[in-house]
Amino acid sequence: MAVDRARVERLTRELLEAIGEDPDRPGLKQTPARMAELYSEYFAGVGQDAAAPLAHTISVARGPAPDTLPSGAVLLRDIRFRSVCEHHLLPFAGHAHLAYLPGEQVVGLGALVRVVETLAARPQVQERLGEQIADTIAEHLDTRGVLVVLDASHGCVTMRGGRQPEASTLTIAARGVYTEPIARAELITLIGSPSGRSSSGTGSAL
């Protein structure tokens with residue numbers, strides 16, 4: 001369901017009035033329209049099927065180049081994501097690291113990114129977001145194991161309450177063989193490894 005922009009604009013005007021502001025003053029006059037645009041982007045995933053990007057798969061055994069396809073885990077690191085915490089409607093953002101152990105089918109890497117983006121573009125909590133990503137991949141791909149690690153900074157921690165600007169939150173969701181700590185240890189090490197990362201330091205050490 002698309003965001004009702006007109007309603008968001010009306011409610012934003014009401015909110016500005018509720019905090020004692022004048023929504024018609026020059027600095028705030030365009031704020032309702034900007035908020036409607038912002039919410040349309042931030043909550044574009046509401047009602048969307050996060051599994052849709054996983055519908056097109058490639059056979060490991062009968063694909064176009066079976067000798068080049070993985071026999072081990074597929075690991076995609078440092079997917080930038082942002083979402084909105086449903087408790088205070090403040091943003092949280094960071095990196096997602098996804099791994100899955102293919103069965104007979106693999107999927108394009110861009111499809112994994114779209115799963116993250118769709119599920120993040122709705123009111124969320126980080127713990128649930130990681131679990132939903134793991135469930136979507138596990139349930140719609142032929143996998144023997146799935147691992148999802150999210151590392152994010154939350155506005156409700158950095159800008160309010162304790163105001164800890166350096167704090168980040170790490171969550172892990174595992175399915176299949178990766179529910180065993182020994183099985184996922186190598187992947188956790190690879191996610192935290194600086195090998196292949198840019199000099200700007202994207203991603204987080206685990």
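The protein has 6 helices and 7 strands; helices (H or I, at least four residues) and strands (E, at least two) are DSSP runs, numbered from the N terminus. This is a predicted model, in which local features need pLDDT of at least 70 and side-chain atom pairs count only at pLDDT 80 or more, while totals for chains, interfaces and linings use all residues. Residues are numbered from 1 along each chain as its sequence is written, and side-chain values use heavy atoms, with hydrogens and water left out. Read along the sequence, the elements follow the pattern α-α-β-β-β-β-α-β-α-β-α-β-α.

**Overall figures**

- Of the 206 residues of the protein, 38% count as buried; buried means under 20% relative accessible area, exposed means over 50%, and partly exposed lies in between, with a 1.4 Å probe and protein chains only.
- The accessible surface comes to about 11300 Å², and carbon and sulfur atoms account for 54% of that area. Accessible areas come from the Shrake-Rupley method with a 1.4 Å probe; for residues, only the protein chains shown count as cover.
- Among the contacts in the protein with a separation of 6 or more, 68% are between residues 24 or more positions apart. A contact means heavy atoms within 4.5 Å.

**The sheet**

- Five strands form an open sheet with mixed pairing, in the order E5-E2-E3-E6-E7. Its edge strands are E5 (123–124) and E7 (169–176), each of which pairs on one side only.
- Two strands count as paired if DSSP finds at least two bridges between them. Strands of a sheet pair through backbone hydrogen bonds, either parallel or antiparallel.
- Strand E2 (residues 74–85) is joined to E5 by 2 bridges, and these two strands run parallel. In this pair, cysteine 85 stands opposite glutamine 124 of E5.
- E2 also pairs with E3, in the antiparallel sense and over 9 bridges. Serine 83 has phenylalanine 92 in E3 as its bridge partner.
- E3 (residues 91–102) and E6 (residues 143–154) run antiparallel and are joined by 11 bridges. Alanine 93 is partnered by serine 153 in E6, and leucine 98 by valine 148 in E6.
- E6 and E7 are antiparallel as well, with 8 bridges between them. Valine 149 stands opposite isoleucine 172 in E7.
- E6 is mostly covered, as 10 of its 12 residues are buried.

**Backbone angles and loops**

- Most residues other than glycine have a negative phi, and most peptide bonds are trans.
- Aspartate 78 is not a glycine, yet its phi is positive, at about 60 degrees. Aspartate 78 lies within strand E2.
- E2 and E3 form a hairpin with 5 residues between them, and leucine 89 in the turn has a positive phi of about 55 degrees. Leucine 89 counts as partly exposed because its relative accessibility is 45%.
- Alanine 52 is in the loop between helix H2 (31–42) and strand E1 (57–59). Its relative accessibility is 45%, so alanine 52 counts as partly exposed.
- Alanine 52 and histidine 140 are 88 residues apart along the chain, and their C-alpha atoms are separated by 9.1 Å.

**The largest pocket**

- The largest pocket has a volume of about 280 Å³. On a 1 Å grid over the protein atoms alone, a pocket is an open set of points where a 1.4 Å probe fits, with protein on both sides within 12 Å along at least five of seven lines. Grid points are joined across faces, edges and corners, and the volume is the space filled by probe spheres set on the points.
- The lining consists of 11 residues, of which Val3, Asp4, Val8, Tyr39 and Phe43 lie nearest the centre of the pocket; a lining residue has an atom within 4 Å of a point.
- By class, the lining has 9 nonpolar, no polar and 2 charged residues. Ala, Val, Leu, Ile, Met, Phe, Trp, Tyr, Cys and Pro count as nonpolar, Asp, Glu, Lys and Arg as charged, and the others, Gly among them, as polar.
- Helix H1 (residues 5–18) supplies the largest share of the lining, 3 residues.

**Valine 8**

- Valine 8 is placed in helix H1 and is buried, with a relative accessible area of 14%.
- Leaving out residues up to four places away in sequence, valine 8 touches Val3, Met35, Ala36 and Tyr39.
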